[in-house]
Amino acid sequence: MAQVVLIHGLGRSTGSMRPLAVRLGAQGFATTRIGYASRRLCFEEALDCVLRQLRDMPSRGPLHLVGHSLGGVLARHAAERAPDLGIERIVGLGSPYDGSQAAARVARLPGGRALFGPVLDEIPGFASLAPRPGWMAIAGVLALPWPGRLFGLEGENDGLVERRSAHGSAPVTHTVAAAHGWLPLSPAVARHVVEHLRAE
């Protein structure tokens with residue numbers, strides 16, 4: 001049976017991925033939620049933490065990763081860094097594959113770095129990795145433009161990440177009407193994830 005590992009985003013916990021885990025479980029997928037100290041670690045430290053947990057998992061067949069925001073970037077890099085893990089499918093939900101101007105803006109605010117940790121300085125410089133089979137990226141789009149304008153975002157965005165960055169170079173992309181923080185809660189997101197994990 002395939003194992004689906006859910007990875008939360010910056011400033012979140014494993015609990016934030018529970019609604020998606022419940023929806024995937026109802027469709028017959030075995031899920032595991034893993035966490036990392038997102039507010040205390042730099043990107044490489046967070047990646048090492050995720051990789052350790054993936055390696056400690058018992059072998060249960062194909063391994064798929066679904067990450068929200070920073071978690072999706074970690075998932076994509078984990079597949080690149082550890083091909084021996086046999087990661088087959090990757091899904092990013094509002095993940096800043098090509099960086100985030102919102103992160104740069106928050107980093108300049110008083111207390112921004114103290115609240116979100118050292119990775120906040122790294123996010124604006126993220127650059128997409130090459131396209132990879134089995135990689136899907138889902139972007140959120142808000143009907144109201146002002147949240148994105150507050151952070152200086154251009155084009156369609158979910159309030160924190162622009163659609164172009166959330167799609168990155170993924171060969172399969174979707175866009176849903178949802179704010180950044182609500183992507184793991186979205187029924188539309190869950191449907192896209194299920195379809196992708198079941199696709200031949």
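Let's begin at the start of helix α4, where a side-chain oxygen of S100 comes to within 3.3 Å of the backbone nitrogen of A102. Keep in mind, everyone, that we're looking at a predicted model.

Staying with α4, which spans residues 101–108, the buried residues are A102, A103, A104, V106 and A107. And what covers them? The cover on those buried residues includes α5, residues 112–116, and α6, residues 119–122.

Now let's go over to S16. You'll find S16 in the loop between β1, residues 3–7, and α1, residues 18–26. Is S16 buried or exposed? Its relative accessible area is 14%, and the cut-off for buried is under 20%, so S16 counts as buried. Its side chain has a polar atom 2.7 Å from the backbone oxygen of S13. If we leave out residues up to four places away in sequence, S16 touches H8 and P184.

My last stop is G148, which sits in helix α7, residues 146–150. Here the relative accessible area is 1%, so G148 is buried too, going by that under-20% cut-off. Which residues does G148 touch, again not counting those up to four places away in sequence? They are L153, N157 and G159.

And one distance to finish, if you'd like to find it on the screen: from G148 to I87 is 33 Å, C-alpha to C-alpha, with the two sitting 61 residues apart in sequence.

Thanks, everyone, and I'm happy to turn the model around for anyone who wants another look.

Terms used: Residues are numbered from 1 along each chain as its sequence is written. This is a predicted model: local features need pLDDT of at least 70, side-chain atom pairs count only at pLDDT 80 or more; totals for chains, interfaces and linings use all residues. Side-chain values use heavy atoms; hydrogens and water are left out. Helices (H or I, at least four residues) and strands (E, at least two) are DSSP runs, numbered from the N terminus. Buried means under 20% relative accessible area, exposed over 50%, partly exposed in between (1.4 Å probe, protein chains only). A polar contact is a pair of N or O atoms within 3.5 Å; within protein, one must be able to donate a hydrogen and the other to accept it, and residues adjacent in sequence count only if both atoms are side-chain atoms. Contact means heavy atoms within 4.5 Å.
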